[in-house]
Amino acid sequence: MLYIELAEVYRKLESTTKRLEKTDILAELFSSVERDLLPVVTLLMLGRVFPIWSEEELGVGIKLLMRAISTVVGVSVDEIEDAMREEGDIGLASEKLFSKKTQTTFFSQPLTVEFVYDKLRSLAFVTGERAQSRKIGILVEVLSQAKPLEARYITRTVLEELRVGVAEGIIRDAISRASGADPALVERAHMLTNDLGMVAAVAMEEGNPGLEKLNLEPGRPVKPMLAQLAESIESAIEDLGRAFCETKYDGIRVQIHRKGDEISIFTRRLENITAAVPDILEGVERALPDEDYIVEGEIIVTIEGRPASFQYILQRVRRKYDIERLRRKVPLSLFLFDVLYYERPLIDEPLRERRRVLESIISEIPGEIEASRMVDVGPDNVDEALWLFRESIREGHEGIMIKDTESPYIPGIRGKKMLKFKAEPETLDLIVVGGTYGRGKRAHLIGSYLLAARDDDTGELVTVAHVATGLDDETLQELSERMENLAIERKGRKLSVRPEIILEVAYSEIVRSPEYESGYSLRFPVVKRIRDDLSPEDIDTVSRIESMFRA
Ligand code: ATP
């Protein structure tokens, strides 16, 4: 398949914001692509070269890409930076520069999707001496044969910012449209495998029966089951009949997979963080059997016997160097609360059975790896749940989880089978779309952040509030730098940025407000923390804000 055909599809997708139109465009593409190429095309439509959970990374930053572009089009890096400022994006800037390029390569051949994909993939495996210049070499090889429109999308793919407004949900709709498969089965297959390329290929070739056969597999992360807020502990237990109540640890959720001798640790957004947490890796090797498994738990930092702030954890899991030193300074503990696979898939088993299996396979290492603290509660002993809540809060945890003992594990769904009850009022996870620099001594820091939620109907981001307080200077400095790297447009003290940074925000009240696109606003918003463990797909929606407003 020619890459220009793919570029035309990207352009069509980019030119509409309507979900249905995007679905049609993608369905047509999926119907026409050769089967062998379907997994690759699906990944590329998501703007990725590797699945999110893969350990592989392209490792190409904007500077390196600019040097490659500079070689191909024969202009200086400064001129490329100017073009980027004007166009607000590397893709459009490249397209413009490529259209001005006079010399064409002598033996220029049309680019194929296979060629572009293989070359981009190969970037991840360039290491060692002269890695940078070898990467530039690969980029030059691809880009020197690219037409302007192709350059727009190749450069964006390299930086993993495709910006054609295609999220996983639209791809799923397009797969069922193109194959005629049941949308619910497509969704289930996706939640279990997180490999939309494979789901697309199976749906097109084998339809519903093929999708039904797909199951989870150690080594490939599963979308986590999520919790709803309980109104009260008593009412939650009454609704569920019987419940496991567990301490709600405030850290990051991890899914740990063992396949053969390989252990992989994934975050909730399915990123592979194995290399950053060698202590957890060694711990699970000792605490769990040498069989294939998938278990789930929460990693927290404990300092002087008390759970430490969430930001410590981010420090640990984001770190790429100096891990051994940090490991001593910021020790981690893991509390396991579920098992999804052991000898066979267990997600269709009731929680009671999964918990039994979990307890039977874990050899606890106190303070390092334990099963979550749990009490089995029914109508007769609700007081034990209340006791657990008070005890958990006293120890510095967030609250408790209240789980239906008879429920299967339902990947990717925020349902009523798992509830949470916290001491502190509910917060919102919102994404930063802009910011304003401070004045005077703080003129170099972005002091105020414009936040957006997702409109459930259109999938677009809509603004909700400005937040200016809650962050210390060190964090403000770090955030300001990140914002500058994400900047799309600058006007006076104001900045618009690509939506990537997610903030968890507390507030006193939700109010109606014509000032923001969502129609709502927050009174006295305060940043609780930066949520690098969430992806833009996980942020709160306008309908959630609406229902919280009504409540
Ligand atoms: P929150 O911001 O309240 O943590 P969230 O959006 O991160 O919510 P939810 O699914 O709403 O995620 O809340 C459940 C989260 O609580 C889980 O994702 C997990 O990270 C964490 N957690 C802590 N302890 C437990 C436990 N014992 N069982 C299940 N989840 C737990």
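Okay, let's start with the shell around the ligand: by class, it has 6 nonpolar, 2 polar and 5 charged residues. Nonpolar here covers Ala, Val, Leu, Ile, Met, Phe, Trp, Tyr, Cys and Pro, charged covers Asp, Glu, Lys and Arg, and the others, Gly among them, are polar.

Quick caveat: this is a predicted model, where local features need pLDDT of at least 70 and side-chain atom pairs count only at pLDDT 80 or more, while totals for chains, interfaces and linings use all residues. Residues are numbered from 1 along each chain as its sequence is written.

So who surrounds the ligand? There are 13 residues, and the closest are Leu226, Ala227, Glu246, Arg253 and Ser372. Near means the C-beta atom, placed from the backbone, lies within 6 Å of the molecule. Strands S1 (226–229) and S2 (243–248) each supply at least two shell residues, and S2 gives the most, with 3. Strands are DSSP runs of E, at least two residues, and helices are runs of H or I, at least four, numbered from the N terminus.

Now, the unreviewed UniProt entry has a "binding site" annotation, which includes Glu246, Arg253, Arg268 and Glu298. Such annotations may be inferred rather than shown by experiment; the positions use the numbering here, and feature names are shortened.

Let's look at two of those. Arginine 268 sits in the loop between strand S4 (262–267) and helix H14 (278–287), while glutamate 298 is in strand S5 (residues 293–303). Buried or exposed? Arginine 268 counts as buried because it has 20 C-beta neighbours inside 10 Å. Glutamate 298 is buried too, with 24 C-beta neighbours inside 10 Å. The cut-offs: 20 or more other C-beta atoms within 10 Å is buried, 12 or fewer is exposed, and in between is partly exposed.

Skipping residues up to four places away in sequence, arginine 268 touches Pro224, Ile252, Arg253 and Asp533. Contact means C-beta atoms, placed from the backbone, within 7 Å. With the sequence neighbours within four places left aside, the contacts of glutamate 298 include Ile252 and Arg253.

Last stop, the sheet. It's open, with 5 strands in the order S1-S12-S11-S2-S10 and mixed pairing. Its edges are S1 and S10 (374–377), each pairing on one side only. Strands pair if DSSP finds at least two bridges between them. S2 and S11 (residues 399–404) run antiparallel, joined by 6 bridges, and phenylalanine 244 stands opposite lysine 403 in S11.

Conventions:
Two residues are in contact if their C-beta atoms, placed from the backbone, lie within 7 Å.
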